[in-house]
Amino acid sequence: MVSTARSRVREPAGNLPADVTSFVGRRHEITLTKRLLAESRVVTLTGPGGVGKTRLALRVAGNMRRSFRDKAWCVQLEDLSDGSQVIDAVIDQLGLGGPSTADDVDSVIEHLKNREMLLVLDNCEHVIEDVALLVDAVVRWCPGVRVLATSRQSLGVAGESTMVVPPLQVPDIEHLPPPEAYEQFASVRLFVDRARAAVPEFEVDADNATALMRLCHHLDGNPLAIELAAVRLRSLSPQQLEERLSERYDLLTEGRRGAPARQQTLRALIDWSYDLASEQDRLAWARVSVFSGSFDLEAAEHVVADGLSEGDVLGAVHSLVDKSVLLREEAGGEVRFRLPHTLREYGQEKLVAFGEHEEVRQRHRAWFAELVDRFAADWLGDGQVAWVHRLRKDQDNLRLALHTATASPKTAGSALRMATALGQYWGIRGLNGEARHWLDQALAVATADNPERARALRASAWFALLQGDLAAANPLLEQATVVATQRGDEVEKAHVIWTRGMAALFTADLDQADALLTDALSRFRKHDCEVGELAALFALGLVKGLGDEYETGMALLAECVRRTGERGELFWRAYALWGSAQLDLRHEELERAETSAKEALRLQRRLDNRLAMAFSTDTLAWIAQRQGRNDRAARLFGAAAAFWDAVRAAPAFYATFAAGHAEHAEQARAVLGEQAYQEAFDRGHAMTFPHAIDYALEVKRHARPRTDDNVHPMPLTRRERQIAELVAQGNTNKEIAEGLVIAQRTVEGHVQNILTKLDFSSRAQIAGWIAAQRTGDASDTRS
């Protein structure tokens, strides 16, 4: 009776610890956790170390304790050395008192069986089996008790719901918003809050806001890492801290007094996770650290499997996900995995310690070299869209594999093969400069007699041409010709001739282009090289039509369209359709030209071929100008300019095309007047890429689902966006309700949903987000 009475004295407030620092963000996670607790007796919050599971659990418990007659109670298990101490910890922290006995679990159940309370069990992973036994008993015998646990892996008990606590929202480092919009990211708000606690005079300004956003990105949005990093602002500026982030483990050493020993530093935190892993899991952790970005299970099985079966690897990956070391990502039905930056660096240290670093890096290189070989072999078919998406997902790994391959003459052949085979992909993505970089690196390390050398020289020349760098392209083509001739490689000689023909086309030397491309097409046909033949059909058809042979040119382009259509091929089909549009436009077949150009753009959008989209959008601007739709033409010229900018190209790089571009733009400007033309051009240039394509195709935006991996879907409904705009204008809920003729309570519900979805806590943050969205629409999240 004494222990029961003592517990009841404490029941009005439970035993939740008071917050000693402000709580930032997590509105969505709080809402979701509450919903899960309403539906399930046991909810486990999982996630990597330092992600904020405990703070989230305590915040939810604090918000919900009034919903339970006997309030909310927390049992902290972090300092336990083994599972036998779990019951003692529960008895102690629930205030049950009395000595330990073999029947202590019965004492706990007896105390809880008539209670209505929320029991928080914090940091369960290292004693998970004993916690699971306790929770299973509580669920069976204590119907009024709900359990909220935090653990790096699920408890595995019946009726359990699991929620992975994600890192705080971070900026996309490649598409940062303007400095004044930093508050839209919870990670940055946390950093600023902790920075001001460490340095009271700290202020965010236009000079340091960008550095803060980049810092939070590199810290993975991990709250513990952010808190530890913010302390360093006592001696470093945000810019200096960002520069020294590579020395993460040396910098983030000043832990919080009173925090558990394992949280004093990130290193201690990660060491603690590592010590809890099995030997097999530790080995897998070390080996998957060679991946850059995300990876799939198939790649992991190849890279990790030395000495381990596929079943072992699968088990280790599952275990590491369950322990929140690996993050699981699923999109479009595909599951991929990722190591956060900090855990990846830690794993690489262990890989070096194991003496396996170079060996595993070479397995990684070999796997992605083989992937590129498959891409090259399968490219000319109906899988092009899937291949582009696949390579985009593995782009970081491809770069790492190329870096490994170019590090030694022994793997130079692999580097040359990868760099040339990726040519189609790099061209589609507009990564012309990157392509030249890797080709130059591979050529520099490869021996003169490497069989891939001619292809690499020719590919490097091609990307120089795409960048308008004729001075670099011509010597490379001369070298490629010599090497291909010396090796007697007739197919490669045909490719070099084709590239020379394209160089002549780019410089408006149509006679020379005609001769070279006719020769190339004949050679490709002789040696049954279909990919070369399709390229030559397009190029020669365009050249013939630009000269005095319209019918011949259209016939060659039609053959290309027919043959690519039979194979399901999109790349050359789209270019052939664009070429047809160009020729029809020159012969005043405007309706047919527009149809072909729009179909080309539709195919190019599927491949996300930015250079091709620039050509097609520009051509549609010409057509609009010829149709007398000059405002549309000006907008399309603006949209096309954004595509040209994205691939670092310009119509001026292609003399044959540049003349028509300039002529039609000037005619539209003359009709509209300078001011009106520029205003329309600017509106087109400010469009997002999806919006620009829809405008060019003259389709409504909402008619097409957004599929671009780099474009995040709008999180708000149309009505919520409308209300957010009104909030940003300073309207009160009452004013919004009156203006929209809806109930004020409805407006309040919408505002609450907006705050939840965006993880905000104030109307001012909504206003900042709206401002950033407007800026984003103007500049686009262009990759």
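Two strands are said to pair where DSSP finds at least two bridges between them, and the strands themselves (E, at least two residues), like the helices (H or I, at least four), are DSSP runs numbered from the N terminus. The structure is a predicted model, in which local features need pLDDT of at least 70 and side-chain atom pairs count only at pLDDT 80 or more, whereas totals for chains, interfaces and linings use all residues. Residues are numbered from 1 along each chain as its sequence is written, and side-chain values use heavy atoms, with hydrogens and water left out.

**View 1. The open sheet of 5 strands, in the order β2-β3-β4-β1-β5, has parallel pairing.** Its edges are formed by β2 and β5 (160–164), each of which pairs on one side only, and from one strand to the next the twist averages 20 degrees. Strand β2 (residues 72–76) is joined to strand β3 (residues 117–122) by 5 bridges in the parallel sense, with V75 standing opposite L121 of β3. In β2, 4 of the 5 residues are buried, so that the strand is mostly covered; buried here means under 20% relative accessible area, with exposed set at over 50% and partly exposed in between, for a 1.4 Å probe and protein chains only. On to strand β4 (residues 145–150), β3 again pairs in the parallel sense over 5 bridges, and M117 has V145 of β4 as its bridge partner. Helix α3 (residues 53–64) packs on this sheet, where it touches β1 (42–46), β2, β3, β4 and β5, and its direction makes about 155 degrees with that of β4. For such angles, axes are lines fitted to C-alpha atoms, for helices over the stretch in contact, and the values run from 0 to 180 degrees between N-to-C directions.

**View 2. Helices α5 and α6 meet in a right-handed crossing.** Two packed helices are described by the angle between their axes and the distance between the axes. For helix α5 (residues 104–112) and helix α6 (residues 128–141), the axes come within 10 Å and cross at roughly 35 degrees. The handedness is right-handed if the near helix is turned clockwise from the far one by less than a right angle, and left-handed if anticlockwise. V105, V108, I109 and L112 of α5 make the contact with L134, A137, V138 and W141 of α6, where contact means heavy atoms within 4.5 Å. By class, these residues comprise 8 nonpolar, no polar and no charged; Ala, Val, Leu, Ile, Met, Phe, Trp, Tyr, Cys and Pro count as nonpolar, Asp, Glu, Lys and Arg as charged, and the others, Gly among them, as polar.

**View 3. Helix α14 (residues 297–304) packs obliquely on helix α17 (residues 357–378).** Their axes come within 9 Å and cross at roughly 140 degrees, and α14 and α17 are therefore oblique to each other, given that angles under 35 degrees count as roughly parallel, over 145 as roughly antiparallel, 65 to 115 as roughly perpendicular and the rest as oblique. The crossing of α14 past α17 is right-handed. From α14, the residues E298, A299, H302, V303 and V304 meet V360, R363, H364, W367 and F368 in α17, a contact that has 6 nonpolar, 2 polar and 2 charged residues. Within α14, the buried residues are A299, A300, E301, V303 and V304, and these pack against α13 (279–288), β6, α15 (310–322) and α17.

**View 4. The open sheet of 3 strands, in the order β6-β8-β7, has antiparallel pairing.** Here the edge strands, each pairing on one side only, are β6 (294–295) and β7 (327–331). Between β6 and strand β8 (residues 334–338), the antiparallel pairing extends over 2 bridges, and S294 has R338 of β8 as its bridge partner.

View 5. Residues up to four places away in sequence aside, S460 touches R436, L439, D440 and L476. The C-alpha atoms of G545 and D584 are separated by 9.1 Å, although the two residues are 39 apart along the chain. With residues up to four places away again not counted, G545 touches Y550, G553, L583 and H587. Beyond its neighbours within four places in sequence, G638 is in contact with F681, G684 and H685.
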